[in-house]
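Hi,

Here is the structure I promised to pass on. Have a look at it first, then read my notes below.

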Amino acid sequence: MGTRLAAVLLLVLTLLPVANLLPGGENDPGATARLADWGQGLALCVGVGLLVWFLSRRPAGSPEGGDSAAPAGRWFGGEVSDTLGGGTASDANALAGPADWGFGAALAVAALVAYVGVALWVFDGRPLLIDEIVQVLQAREYAGGHLSQAVREPREFFSIMHWVDLGDRAYGQYPPGGPAMLVPFVLLGAEWLAGPVAGAVSVALFHGLLLRLEPLATRRFRRGTLLLFALSPFAVFMFGSHMNHATTLAWLLLAGLGLARATQPGAAAAWGLVAGLGLGVAATIRPLDAGAFALPAAAWLAWRACGGLRPLTALLLSGIGVAVPMVLMFWVNQQTTGHALQFGYDQLWGAGHALGFHEAAWGTAHTPMRGLELLGLYASRLGTYLFETPFPSTLFAGLGLWMHGRMAAFDRYWMAALVLLGAGYWAYWHDGFYLGPRFLFAALPVLVLWSARGLRALLAMTRPQTAARRGLLAGLGLAALLSAVSLVVVRVPTYRNGMVSMRIDPAREAAAAGVSNAVVLVQESWGAQLMVRMWASGISRADAERFYRGVDACRLDVVLTARTAAGIRGEALAAELRPLLADSARLIPSERSPDFTERQDPRLAYPPVCEQRIAEDRAGYTLYAPWRLAVDGNAYLRWLPGREAEVQRAFPGRAVYRVRRAGPSVHAPLVLS
C-alpha cells in the first residue's frame with residue numbers, strides 16, 4: 001500500500017502543473033508545452049512498439065519461441081520473482097562474484113573519464129554558479145591554512161554575493177564540509193576534479209549497495225542498474241560540476257553502505273561507525289540533506305540496539321561517527337561567525353534564510369502552499385532531467401513502486417529519508433534549480449533503483465522471444481535513442497554555451513592584453529553597482545535584495561546617492577528606502593538596459609544621471625565574481641564610477657585598466673583599456 005501511494009504521489013506531482021493550480025505565488029510557464037512534448041514522445045514510443053509487435057507476430061499455429069536470437073531484455077531481463085524483488089536463486093547469474101566487482105570498478109573508472117570530459121568540455125573546468133565560485137574561494141582559504149581573511153577596504157570594490165564581509169574578517173557563507181572536499185584538488189591545481197572523483201566514488205559505493213539491496217537479482221539486473229545510475233544525465237552533469245551535491249551524495253552512499261552492513265545479522269559493529277561518519281561528513285556539507293537520511297537511520301539503529309550488545313555498540317559508534325565531523329563544523333562556525341550553531345548564510349541573510357514559513361531572505365512570502373508548488377516544480381523537472389526521456393522519466397520509478405510487493409527494511413529506510421527530504425525542502429524558501437532539481441539530487445540512487453525495478457517489471461509482463469517482448473524493447477530502444485539525441489542536440493549545447501559571462505579566464509584575458517602587475521577594474525552593470533552600493537551603505541543583504549527587486553533602478557540610485565551623501569546609513573537608510581516599495585507592483589524588467597534584472601517603472605522619465613548609467617550598460621559590461629578567482633599577480637576590483645582615485649591611492653605605482661564587454665551581448669569580446 002505504501003509503495004503504491006508513493007507511486008501515485010510521485011506521478012501526480014510530475015504530471016500536474018501544481019504551481020499553476022495552487023495560489024502559492026509560483027508559476028510553471030512551460031507546463032503545457034512540456035506535457036504536450038511528453039504526450040507526443042510517449043505516443044511515438046508506444047506506436048513504434050505496437051508496430052514492431054504487429055510486424056513480428058508469428059503466423060497462426062507457428063511457435064512463438066522459435067527464434068535463435070539472444071535473450072531479450074539483456075540488462076533488466078531474466079526470470080523475475082513474484083514480488084519483482086529480484087531474479088530467482090536458480091538463475092545462473094543470481095550470485096555476486098568477482099566479475100561483479102570487476103565490472104563495478106571498471107564502470108567507476110569509465111564514469112570518472114566521462115565526468116572529467118563533462119567538467120572540462122561542457123563546463124570549461126570552471127565554477128559557473130556563484131555558489132560554486134564562493135566555495136572555491138573558501139577552499140583556497142582552507143588550503144592556505146586559514147578559515148577567513150581580513151576584509152579588504154573599501155570592501156565594496158571586492159564584495160560578491162554569498163561572501164560574508166560584515167565585520168573585520170571575510171569568508172564564504174557555506175558550511176565548511178563542501179569547501180573542505182575541494183582542498184586536495186586546490187592543492188593539485190585541479191579544483192574541477194572534485195566532482196568527477198565524487199561521482200566515480202558514488203558509482204563504486206552504489207555498486208556495493210546493490211549487492212546487498214538486491215541479493216537475489218540477476219547479475220545483469222545489477223549491472224544494468226549501475227549503468228543507469230552512472231549514465232543518468234542528472235548524475236553526469238552534476239558530477240561534472242563544482243556543486244557540493246556531488247560530494248554530499250558520495251558520503252550519503254557511504255553511510256547507506258555502512259547502514260546496510262550494520263543492520264545485517266551478526267555484522268561487525270564497526271559498520272555503525274562507517275554509517276555515522278558518512279552522515280556526519282554529509283552534514284558538514286549539506287545539513288538538511290544529511291538530516292533527512294540521519295534521522296531514520298538513528299531510529300533504525302536504536303530499534304535494533306534493543307536486541308543485544310553488538311547492535312548497541314553499532315549505535316554508539318554511529319553516534320561517534322556523526323559527532324566528530326559535526327564538532328569540527330561547529331568549531332569552524334565559532335571561529336568565523338562567532339557562534340557554533342550559526343552558519344555564514346544565517347549571519348549574512350538573517351532569520352529569513354532559515355527553514356519555515358515566513359518572509360524569506362529575498363522578500364518572498366514562503367507559505368505551505370508555495371512549498372507545495374516548489375515540490376511540484378522539483379518533481380516535474382525530475383521528469384525531464386533524470387533520464388531526459390521523451391516521456392516523464394519518473395514513469396519508470398512510479399511503475400517500480402506500483403508493481404513492487406512488500407518493501408524490504410532498507411527500502412523503508414530510504415522511503416522515510418525521502419519523505420523527510422521532501423518535507424525539508426517543502427519548508428525551504430529557495431527554488432534550487434541548476435542542472436536539474438538539485439535539491440533532490442540526494443534521492444538519485446533511490447530513484448534509479450526504483451526505475452530499474454520498474455523496467456524489470458515491464459519486461460516481466462512479456463515472455464522472452466515473443467512479439468510482445470520485441471515490441472516492448474523497440475519502444476524502450478526508441479526512448480533511449482531519443483534521449484541520446486536530446487542530450488546531444490539540446491542539453492549539452494545548452495550547458496556548453498550557457499553562462500558565458502561566468503566562463504571568463506581572467507589570467508588568460510589579462511595575458512592576451514599584455515596586462516601584468518596592474519589593477520584591473522571590472523565594469524559591471526548599473527544594477528550590480530546599485531546592489532553593492534547598498535551593501536556598502538550598511539543595508540543588509542536581505543533588504544538590499546528587496547529594494548533591488550521592488551524599486552525602480554533610477555529612483556533607487558537617486559535616493560541612495562542623496563541619502564548616503566547626507567551621511568545616512570544602515571537601518572536609518574533602509575527605513576527611508578522602504579516607502580519606495582509601495583510602487584513595486586508597477587515595475588517591469590528593464591526594457592532599456594540589457595540587464596533585465598534592473599527594475600523599471602514605465603511611468604517615470606529618467607534624469608541625465610540615470611540615462612548615463614543606461615548608456616554604460618548598453619556599451620557593455622561583465623560580471624565581477626569570476627574575476628575574483630584569478631591568481632596572476634594582477635589586482636581585480638569592481639569599477640565604481642567616479643572612484644578611480646581611491647583605487648590609485650590604494651595601489652600606488654600600478655597601472656590601472658578597466659575591462660568590459662565591447663557591446664551589450666554576452667558574446668561580445670572583452671576590452672581592457
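**What I found**

The accessible surface of the protein chain is about 27,800 Å², and carbon and sulfur atoms hold 65% of that. Keep in mind that this is a predicted model.

Now for the overall build. The protein chain has 26 helices and nine strands. Its radius of gyration is 28 Å, close to the 26 Å that the globule rule gives for 673 residues, so the chain is as compact as a globular protein of that length. If you draw a box along the principal axes, the C-alpha atoms fill roughly 90 × 60 × 50 Å.

What about the inside? Of the 673 residues, 54% are buried. Among contacts with a separation of 6 or more, 76% are between residues 24 or more positions apart.

On to charges: there are 55 positive and 46 negative ones, and their mean positions lie 7 Å apart.

Then the cysteines. How many disulfides are there? The count is one, and that disulfide joins C554 to C610, with 2.0 Å from S to S. The link of C554 and C610 is right-handed, with 85° about the S-S bond. C554 sits in helix α23 (residues 553–565) and C610 in helix α25 (residues 608–619), so the pair ties together parts that are 56 residues apart in sequence. C554 and C610 are both buried.

Exposed means over 50%, so C306, at 71% relative accessibility, counts as exposed.

Cheers

Key
Residues numbered from 1 in each chain as written. Predicted model: local features only at pLDDT ≥ 70, side-chain atom pairs only at ≥ 80, totals over all residues. Heavy atoms only, no water. Helix = DSSP H or I, 4+ residues; strand = E, 2+ residues; numbered from the N terminus. Rg over C-alpha atoms; globule rule 2.2 N^0.38 Å. Buried < 20%, exposed > 50% of the residue type's maximum accessible area, 1.4 Å probe, protein only. Contact = heavy atoms within 4.5 Å. Areas by Shrake-Rupley, 256 points an atom, 1.4 Å probe, with all protein chains shown as cover. Lys, Arg positive; Asp, Glu negative; His and termini not counted. Charge placed at Lys NZ, Arg CZ, Asp CG, Glu CD. Disulfide = S-S within 2.5 Å.
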